[in-house]
Amino acid sequence: MAGAALIALGMIGADGAVAQDKFVHTYEMRLLGVRGATATFEGRAREGGYFVEARARGTGILGFLSNARFDGNARGGYEASPGEASGFAPAEFYQRGAYRGDSRQLNMRYTGGVPTSVVFTPERDPDDDPIPPLDEQAGTLDPLTSVLRFTWPGTPQEICGREIDSFTGSRRTLIEMEPPQPAGNGQYTCKAQYSRTKGFENQKRKRFPFTATLRQRSDGLYEVWRIVGATDFGRMTIQRTN
């Protein structure tokens with residue numbers, strides 16, 4: 001549950017819009033008001049490249065029941081541009097997750113913006129979603145690079161104008177956002193939608209609305225610091241805690 005929530009709505013940030021040293025961010029996820037997971041993200045992004053690590057753990061009664069955990073990292077190229085999040089080009093993505101005792105790993109590699117290798121360990125069951133043709137996934141981002149782009153600092157107009165097309169190794173999702181609206185105290189909100197676009201044929205619900213709240217940083221740019229939205233299990237809130 002922890003890993004799925006983070007990939008679904010994306011929780012990562014960065015402490016500089018062009019070049020920066022190491023950043024560390026922490027988050028808390030609540031489902032129906034109950035604390036369900038915590039996450040830590042750290043890494044760096046400078047002209048020429050980026051690297052990010054993520055760790056998430058189920059907490060409270062939800063964590064006790066699911067024993068959920070997620071660890072992952074991603075790296076790739078980065079062309080810096082102030083307030084822009086379009087310069088990320090993934091090269092490699094790795095994740096290790098566990099839920100109710102079932103542990104799996106995923107490795108993906110990219111060349112020129114196209115995934116060229118997808119390896120699940122252990123191999124998936126025959127009735128699992130098939131891996132689609134990789135050449136049809138050109139231009140997509142891996143889950144961690146997707147959330148890095150989603151919350152990269154920028155102006156409210158630039159952040160709320162982003163579109164993130166993500167590939168999980170077997171499925172595609174899409175985040176689309178609407179223009180920002182003032183929310184008082186110098187903050188803005190963006191109404192958005194998370195869509196299950198490919199590989200979710202057995203899922204009845206395909207679209208999930210959510211709202212992202214932006215706060216201003218000391219350098220004048222903005223960043224996503226709170227997300228509230230619908231899930232299959234009810235209302236979820238993801239809040240930055242540092």
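Visitor: With which side chain does the side chain of E223 make a polar contact?
Guide: This is a predicted model, in which local features need pLDDT of at least 70, side-chain atom pairs count only at pLDDT 80 or more, and totals for chains, interfaces and linings use all residues. Residues are numbered from 1 along each chain as its sequence is written, and side-chain values use heavy atoms, with hydrogens and water left out. A polar contact is a pair of N or O atoms within 3.5 Å; within protein, one must be able to donate a hydrogen and the other to accept it, and residues adjacent in sequence count only if both atoms are side-chain atoms. At 3.2 Å, the partner of E223 is the side chain of R240.

Visitor: Is E223 buried or exposed?
Guide: E223 is placed in strand 13, residues 222-231; strands (E, at least two residues) and helices (H or I, at least four) are DSSP runs numbered from the N terminus. Buried means under 20% relative accessible area, exposed over 50%, and partly exposed in between, with a 1.4 Å probe and protein chains only. Because its relative accessibility is 7%, E223 counts as buried.

Visitor: Which residues do ring pairs link into a cluster?
Guide: Rings of Phe, Tyr and Trp (its six-membered ring) pair if their centres lie within 6.5 Å; planes under 30 degrees apart count as stacked, over 60 as edge-to-face and the rest as tilted. The whole structure holds eight aromatic pairs. One of them joins Y78 and W152, edge-to-face at 5.4 Å between centres and 65° between planes. The cluster consists of Y50, Y78, F88 and W152.

Visitor: How many residues apart are Y78 and W152?
Guide: Y78 is buried, with a relative accessible area of 2%, and W152 is buried at 0%. Y78 belongs to strand 4 (residues 69-78), whereas W152 lies in the loop between helix 3 (143-150) and helix 4 (156-159). This pair links distant parts of the chain, and the separation is 74 residues.

Visitor: Why does the pair of Y194 and F208 count as tilted?
Guide: Y194 and F208 are both buried. Their ring centres lie 6.2 Å apart. The pair is tilted because the planes stand at 50°.

Visitor: Which residues are joined by a cis peptide bond?
Guide: The place to look is the loop between strand 7 and helix 3, where P122 lies. Omega is about -5° for the bond, which joins T121 and P122.

Visitor: Is N185 buried or exposed?
Guide: N185 lies in the loop between strand 10 (181-184) and strand 11. Its phi is positive, about 55°, although N185 is not a glycine. Since its relative accessibility is 82%, N185 counts as exposed.
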